[in-house]
Amino acid sequence: MSSAAVTEARKEMRARAVARRQREQATGGWEAQRGFDELGRPLRDLTFCVVDLETTGNSPDNGGMITEIGAVKVRGGEVLGEFQTLVNPHTGIPPSIAVLTGITNSMVASSPTIESVLPAFLEFAEGCVLVAHNAPFDVGFLKHFAAKQERPWPRFEVLDTVKIARRVVTRDEAPNHKLGSLARVFGSPTTPNHRALSDARATVDVLHGMMERLGNIGVQTLEDLAVFSAKVTTAQRKKRHLAEDLPHAPGVYLFKDDKGRALYIGTSKDLRTRVRTYFTASETRSRMGEMVGLAATVQGIECATALEAAVRELRLIAEHKPPYNRRSRRPEKMHFVKLTQEPWPRLSLVKQVLDDDADYLGPFGSRKVAEKALQALHDTFPIRQCADRLPLLPRKTPCVLAELHRCLSPCDQSVPAETYATLVSRVRESLLHRPDEVVETVTERLTGLAEQERFEEAAVHRDRLTSYLRAAARTQRLTALTRLPDLTAIRREDDGRWAVHVVRHGRLAAAGVIPREANAHAYVADLQLSAETVLDAPGPVPAASAEETELVLRWLESPGVRLAHVEGEWTCPIGGAGRRAAALERV
């Protein structure tokens, strides 16, 4: 940048500083904060305690003592109060420090000690966000003496104006980020002079000036400020208006391109708050920055509860398959292990649950995992593995599995139908109710392999058992819910209101929140009448995706849920796979 350009830039900055001071004098407040839209915890609504210390040294661990505390409490640009006191350090003030600060031994001789000053300051700062220029220094001293007095340190949130300035103020504006340099940049009427209250007042002006700049690039909340990064793109900043019409309510949001195609779908307890973060410096994911660059509109769908929002998100992702969502785009791509219904049943890998009275294990997220579970079953039961459909009286040549005693070989009629039927019953019991036989068989093999130090083979069998147990536990939990025609549950939420969900065959059929003045019984009854009609279908997840049903299950199993109505029996087998799966996960 040329010297002429630098001169012009500085003139412009000085003009802006003068204009800002004039606005503050006219309004008596922090104009930049007053203009902020509500998002998270707006900076305009927070109370800041800007503090500065004078000390006898650089570290309390090396004997440094506090000689003065000054603080200014502000909110929305209005000064709520000031705190200032000298502190008797009970030690001599080094001459160099006395020259720098102007605080002498005689000045602090009759002053209160830190034992009485610190409690008063903590009371003054209670409930505030602490702000300091080089905050680790000032806060470090305060925390040191709080610990020395065995006084609990309040859980203050802390802002460091030096750290913020390094991201906001360029070298062209100031040669360094010292408080005096920044005070000149932002036109502070108070000149820092190494006295605590004066420096705190100057820090307030610096903080206001930086907040004004940050507000222009979308940093409007304490949360934004905590994760502020200069990497936000111009495209992100220019599209902040896309969130303006969204409500402060739970729901689902859809980013769409100029042709109306969904780019990304998400959910939030506060739609407007969440979507605004995509256009501010708090969003640092490069993939999301690319998505925002393509977005032309944002659609919001309000939901009564967080669970309804999460379910709608899954359904919309499955419907639109947005390119910037990495999960839940293919819920239809599931795999099951099926115990077929035929004269000589077998285990088969399938992608769909049919209404054929067969028994199913799953769903599995990938064929590879399903194959591992299938192999665990084949390792346990000598059920046939050929893919042919055998007649009642088959006449075939047995395969090598029969010679290895891994198949009862019904293909050559070497096993009675009754014996084979008993084997099939054992397989069905392991699929639907008790995994014990599979667990015991595979565990015995694992033990033998480990004793022989064949650890790689043992790991293969361990993975097979893990896949089988996870699937069995999942099948039993899902089936327990999907077989219920109607279930209505309620729970008191954090805001004191009661959330109501109607679940039919594992699918969320209705959701609502009981109004505070409404008759609860009447509201629940009306919600049940207006709920979606859900038809029964075969399989563990017939009426909804597995992810949706599991979302519903997690909510139903959360603390505080009460069952208002259940049609049918909601039970899981007492000897089911859940207890075994939990133990295996711990291993």
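In which sense, parallel or antiparallel, do strand β1 and strand β4 pair? Strand β1 (residues 47–55) and strand β4 (residues 129–132) pair in the parallel sense over 3 bridges, where two strands pair if DSSP finds at least two bridges between them. Strands here are DSSP runs of E with at least two residues, and helices are runs of H or I with at least four, numbered from the N terminus. The model is predicted, so local features need pLDDT of at least 70 and side-chain atom pairs count only at pLDDT 80 or more, while totals for chains, interfaces and linings use all residues. Residues are numbered from 1 along each chain as its sequence is written, and side-chain values use heavy atoms, leaving out hydrogens and water.

Within the pair, V50 stands opposite V131 in β4. Both strands belong to an open sheet of 5 strands with mixed pairing, in the order β3-β2-β1-β4-β5. Because β3 (78–86) and β5 (158–160) stand at the edges with a single partner strand each, one side of each is left without a neighbour in the sheet.

Another part of the model is helix α21, in which E548 is found. E548 counts as buried because its relative accessibility is 2% (buried means under 20% relative accessible area, exposed over 50%, partly exposed in between, with a 1.4 Å probe and protein chains only). Not counting residues up to four places away in sequence, E548 touches V311, L314, R315, R507 and L508, contact meaning heavy atoms within 4.5 Å.
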